Amino acid sequence: MRVFSAPVEPLIERGVRVTKMIDVTGTCHCGAISIAALVEDTRMIACHCSDCQQFSGAPFRAVVIAIGDHVQLTGTPREYAKTADSGNIRLQGFCGECGTQLYAADQDKTTFNIRTGWLDQRHELVPKVHIFGSSSPRWLADIADHNWLTAGPCSAPFTPSSDV
C-alpha cells in the first residue's frame with residue numbers, strides 16, 4: 001500500500017507553521033478494506049453531534065480530516081448518503097462485510113473525515129477540538145473519575161493516562 005510523502009502546503013497561522021503531516025494506515029476489522037492517507041496533525045476533531053452518536057453507537061466520533069487526493073482506499077466500501085442539517089450530502093463509508101465505520105466525505109470526495117478507530121496510529125491522533133459540544137452527554141465531563149478496568153469486567157483496575 002502506498003504511503004503518502006508528497007509535500008503539502010502547511011497550515012499557516014499568524015505566520016508560523018502549525019502543521020505536522022502524518023502518514024496513516026489502517027484496515028477494517030475483517031481486512032476487506034484498507035487505507036493509506038496523509039493527514040495534518042491540526043485537523044483532528046471529536047464530533048459530538050447527534051448524528052455521529054447515532055451512526056457510531058457511541059457518545060462521539062474521533063476523526064481526522066484529509067484532502068481527498070491524499071487518501072487511498074483499497075477494497076470497496078459501502079456508502080450511505082446522508083443529508084446534513086446544512087443541506088449538504090455527506091457520504092458515510094463503511095465496510096459492507098464487518099460494518100467498520102470508515103469515513104464521511106462530500107459527494108465529490110474532495111475531503112474525508114476519516115474515523116480514527118480503524119487507523120493503526122489512532123493513539124497518536126488526539127482530537128484538537130471537540131465540536132457539537134451541546135449534544136455531548138453530560139457524563140463525559142468527569143469520565144476520568146469513573147472506575148476503569150484494564151480489560152473485561154473481572155480485570156485489574158486501570159488508571160487512564162495521557163501518555164501516548
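A residue is called buried under 20% relative accessible area, exposed over 50%, and partly exposed in between. The model discussed here is predicted. The points below treat aromatic pairs, a strand hairpin and one cysteine.

**Aromatic pairs**
- The structure contains three aromatic pairs.
- One of them joins Phe 55 and Tyr 80 in an edge-to-face arrangement, with 6.0 Å centre to centre and 65° between the planes.
- Because Phe 55 belongs to helix α1 (residues 50–56) and Tyr 80 to strand β8, this pair ties together parts that are 25 residues apart in sequence.
- Phe 55 has 28% relative accessibility and therefore counts as partly exposed.
- Tyr 80, at 46% relative accessibility, also counts as partly exposed.
- Tyr 103 and Phe 112 form another edge-to-face pair, at 5.1 Å centre to centre and 70° between the planes.
- Both Tyr 103 and Phe 112 are buried.

**The hairpin of β8 and β9**
- Strand β8 (residues 78–83) runs antiparallel to β9, and six bridges join the two.
- Within this pairing, Thr 83 stands opposite Ile 89 of β9.
- Five residues lie between the strands of the hairpin, where Gly 87 adopts a positive phi near 95°.

**Cys 95**
- Cys 95 sits in the loop that links β9 (89–94) and β10 (101–106).
- With 2% relative accessibility, Cys 95 counts as buried.
- Leaving aside residues up to four places away in sequence, Cys 95 touches Cys 28, Cys 30, Ala 32, Ile 33, Thr 100 and Leu 102.
- The C-alpha atoms of Cys 95 and Gly 75 are 9.0 Å apart, and the two residues are separated by 20 residues along the chain.

Definitions and conventions
Residues are numbered from 1 along each chain as its sequence is written. This is a predicted model: local features need pLDDT of at least 70, side-chain atom pairs count only at pLDDT 80 or more; totals for chains, interfaces and linings use all residues. Side-chain values use heavy atoms; hydrogens and water are left out. Helices (H or I, at least four residues) and strands (E, at least two) are DSSP runs, numbered from the N terminus. Buried means under 20% relative accessible area, exposed over 50%, partly exposed in between (1.4 Å probe, protein chains only). Contact means heavy atoms within 4.5 Å. Two strands pair if DSSP finds at least two bridges between them. Rings of Phe, Tyr and Trp (its six-membered ring) pair if their centres lie within 6.5 Å; planes under 30 degrees apart count as stacked, over 60 as edge-to-face and the rest as tilted.
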